[in-house]
Amino acid sequence: MNALQHITAIKEAFIAALPIVFGYVAIGVPCGILSASIGLSPLQVLIMCVLFYSGTGQFMLPNMYLAGTPLPSIIASIALVNLRQMLYSASLSPYAANVSPARAILFAGNVTDESFGINMTKFKTQDWDITRATWVNIFSQTSWTISGVVGCVIGGALSLPLPVASFAMTSVFICLLALALGTRDDIVAAIFAGIGVIGCKLLGLNGPAIIVGSLIGLMAACLYARARGSL
């Protein structure tokens, strides 16, 4: 790939990543504000966004800390939630079969739910390659990192009350859930996932609650879709 082709690839990746970039700005700033509420500095948030690139995990960390959750439980919960990244890597591995291990690691190391969805769609429907897919990931991570740092600066200046900061994660995900409910299958998945999470928490299983709830919601949606004949 010559210089002109590489520039074209970067432009195409940037256009593909724009929806993710805008979305990450909307939720990255609240995440930075929440991080500031537990005493993290902008530099620490920057390092966390670069080395621990997980939107869900970065929301969970300060929220669980504010709730007084023990550190081992925080680590276990975040690790369980991020297990889905293994599935993403396995799904994308065929498209990275002909690149060097270093490029494959760079590509796999910054895959998220959103970038996975866009890149997988592009791989299946367009002339897409690892270079473009990697740039989608880089643009996405850069927007998340900048938004998180800006949010941390804002949070430090505002001195956000802890009860408000603690509710930030909940409010953001309520908004995301409302936007995601486009079909009856989505509604069934959301209802049963909520029931699963509540059931786990009532049983004292706080760590795996999100994973178990997600699996229950997914299975319920699949069964519902099969019953309707759409699966």
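Ser-140 counts as buried, since its relative accessibility is 0%; buried denotes under 20% relative accessible area, exposed over 50%, and partly exposed the range in between, for a 1.4 Å probe and protein chains only. The model is predicted, so local features need pLDDT of at least 70 and side-chain atom pairs count only at pLDDT 80 or more, whereas totals for chains, interfaces and linings use all residues. Residues are numbered from 1 along each chain as its sequence is written, and side-chain values use heavy atoms, with hydrogens and water left out.

Of its 231 residues, 36% count as buried. Among contacts between residues at least 6 apart in sequence, 76% join residues at least 24 apart, a contact being heavy atoms within 4.5 Å.

Ser-140 belongs to helix H8, residues 130–158. Its side chain reaches the backbone oxygen of Val-136 at 2.7 Å. Such a polar contact is a pair of N or O atoms within 3.5 Å; within protein, one must be able to donate a hydrogen and the other to accept it, and residues adjacent in sequence count only if both atoms are side-chain atoms. With neighbours within four places in sequence set aside, Ser-140 is in contact with Ala-17, Ile-20, Tyr-24, Tyr-53 and Ser-115.

Ile-20 and Tyr-24 are also touched by Glu-114, again not counting residues up to four places away in sequence. Glu-114 lies in helix H7, residues 113–125, and is partly exposed, with a relative accessible area of 35%. From Glu-114 to Pro-19 the C-alpha distance is 9.1 Å, although 95 residues separate the two in sequence.

At least two lining residues come from each of helix H2 (42–51), helix H5 (84–92) and helix H6 (101–109). The lining divides into 6 nonpolar, 7 polar and no charged residues.

Helix H3 spans residues 55–66, and its 12 residues reach 17 Å from first C-alpha to last, close to the 16 Å expected at 1.5 Å a residue; that expected span is 1.5 Å times one less than the number of residues. At the N-terminal end, Ser-54 caps H3 with a side-chain oxygen 3.0 Å from the backbone nitrogen of Gly-57. Gly-57 is itself buried, as are other H3 residues including Phe-59, Met-60 and Pro-62. Leu-66, also in H3, is partly exposed at 24% relative accessible area. The C-alpha atoms of Leu-66 and Ile-38 are separated by 7.1 Å, with the two residues 28 apart along the chain. After H3 comes Gly-68, whose phi is positive, near 80°.

Technical notes. Helix = DSSP H or I, 4+ residues; strand = E, 2+ residues; numbered from the N terminus. Nonpolar A, V, L, I, M, F, W, Y, C, P; charged D, E, K, R; others polar.
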